[in-house]
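Visitor: I would like to learn how to read salt bridges in a model. Please take me through some cases.

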Amino acid sequence: MKQKSYKRIAVEESWMPTELFDDFRALAQTGETRITSPGLASLWGEVMQTPGAQLFREIITDINTSRLENMDAAGIDMQILSITAPGVQIYEKEKAVSMARFCNDVLADGVKKHPGRLAALAAVAPQDPNEAAKELDRCIGKLGMKGVIINSHTFGEYLDDPKFWPIFEAAQSLGVPLYLHPSTPAASMISPYIDLPLEGAIWGFAADCGLHALRLITAGVFDQFPDLKIVLGHLGEGIPWFLNRIDHQYGHFVLRISQSPRAKKLKKSPREYFLNNFYITTSGMNWEEEIMYCRRLVGADRVLFAADYPFESMKEDVGKVDRLPLPEDEMRILYQTNAEKVFGL
């Protein structure tokens with residue numbers, strides 16, 4: 001491991017309280033219809049049936065013991081914790097709102113015990129956008145959280161629908177980022193993914209979250225909220241590799257606006273919105289070729305390190321990033337200063 005003069009900050013590190021994990025397990029085992037996505041039902045059902053399910057429970061619900069030990073072993077100075085998919089977005093409105101508040105209180109209590117090592121993103125319930133905005137305000141103002149995470153679609157609905165925009169208004173007003181995290185494709189689109197299975201991190205996550213981000217752009221969200229900051233993991237969920245093609249094909253999009261009740265001409269090109277309003281993290285994608293390409297394409301000041309713990313190995317990811325052909329000052333930008341800037345650390 002390199003000797004270094006900077007902090008290693010990992011910004012997409014998963015957590016959930018034991019109560020939420022156990023509820024997921026019960027729902028998966030009983031086939032309860034509250035898990036509305038067949039993809040999530042498949043993934044969580046598989047997780048809960050493995051011999052390592054109990055160990056995974058201990059790891060992902062921990063805040064203050066094994067997590068810190070694993071951070072020390074990997075050389076990571078700080079993690080930003082956030083609730084993992086599907087979060088509270090599988091519940092009906094009332095339970096989603098109360099569960100989000102419960103999760104935030106538990107997480108804030110754990111984080112405050114190690115303020116130099118841990119920070120947190122708020123969970124909110126898009127099922128009730130106005131309550132989500134209020135909860136975000138509480139989490140930033142009273143609990144000291146650093147942003148909000150939303151696990152992509154909610155019952156197949158995406159945040160480009162104006163009914164969800166109180167969440168954007170709150171995030172922009174508070175000056176905090178919204179981390180748009182993947183979920184499996186919505187039930188209306190899941191069939192071609194689930195039978196092989198491709199619904200998870202292998203492809204479905206990026207396909208869904210990349211679609212979600214592109215919907216935000218083309219629906220005019222950033223014309224309405226020009227200072228809104230969106231963070232995408234997994235090096236931008238595929239969008240950087242398609243950015244020039246998206247811009248090129250946007251001309252055809254404009255020609256088809258009259259065929260869509262939602263579409264309208266944007267003030268800027270899709271590329272401009274992506275480069276102005278989005279930040280991307282290396283979670284699950286800590287390979288030299290991909291990181292160096294994205295830094296060239298979107299700019300070194302918009303790529304942040306993440307390990308995607310516990311789904312990926314912190315130690316292995318730090319080893320790979322430490323070997324990047326970057327000078328000390330550029331490593332500091334990737335590991336530390338971008339995270340400090342984006343999340344107000």
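Visitor: Is Glu157 buried, partly exposed or exposed, and what is its relative accessibility?

Guide: Buried means under 20% relative accessible area, exposed means over 50%, and partly exposed lies in between (1.4 Å probe, protein chains only). At 34%, Glu157 is partly exposed. This is a predicted model, where local features need pLDDT of at least 70, side-chain atom pairs count only at pLDDT 80 or more, and totals for chains, interfaces and linings use all residues. Residues are numbered from 1 along each chain as its sequence is written, and side-chain values use heavy atoms, leaving out hydrogens and water.

Visitor: Which side chain does Glu157 meet in a salt bridge?

Guide: Side chains of opposite charge can pair when their charged atoms come close. A salt bridge here is a side-chain nitrogen of Lys or Arg within 4 Å of a carboxyl oxygen of Asp or Glu. Glu157 pairs with Lys163 at 2.9 Å, N to O. Lys163 is partly exposed too, at 41%.

Visitor: How many salt bridges does this rule give?

Guide: The count is 15. One of them joins Arg215 to Asp160 at 2.7 Å, N to O. Arg215 lies in helix H9 (residues 204-218) and Asp160 in the loop between strand S5 (148-150) and helix H7 (165-174), so the pair ties together parts 55 residues apart in sequence. Helices (H or I, at least four residues) and strands (E, at least two) are DSSP runs, numbered from the N terminus. Asp160 is buried at 2%, while Arg215 is partly exposed at 34%.

Visitor: Which residues are linked in a network of salt bridges?

Guide: Arg101, Asp105, Glu135 and Arg138 form such a network.
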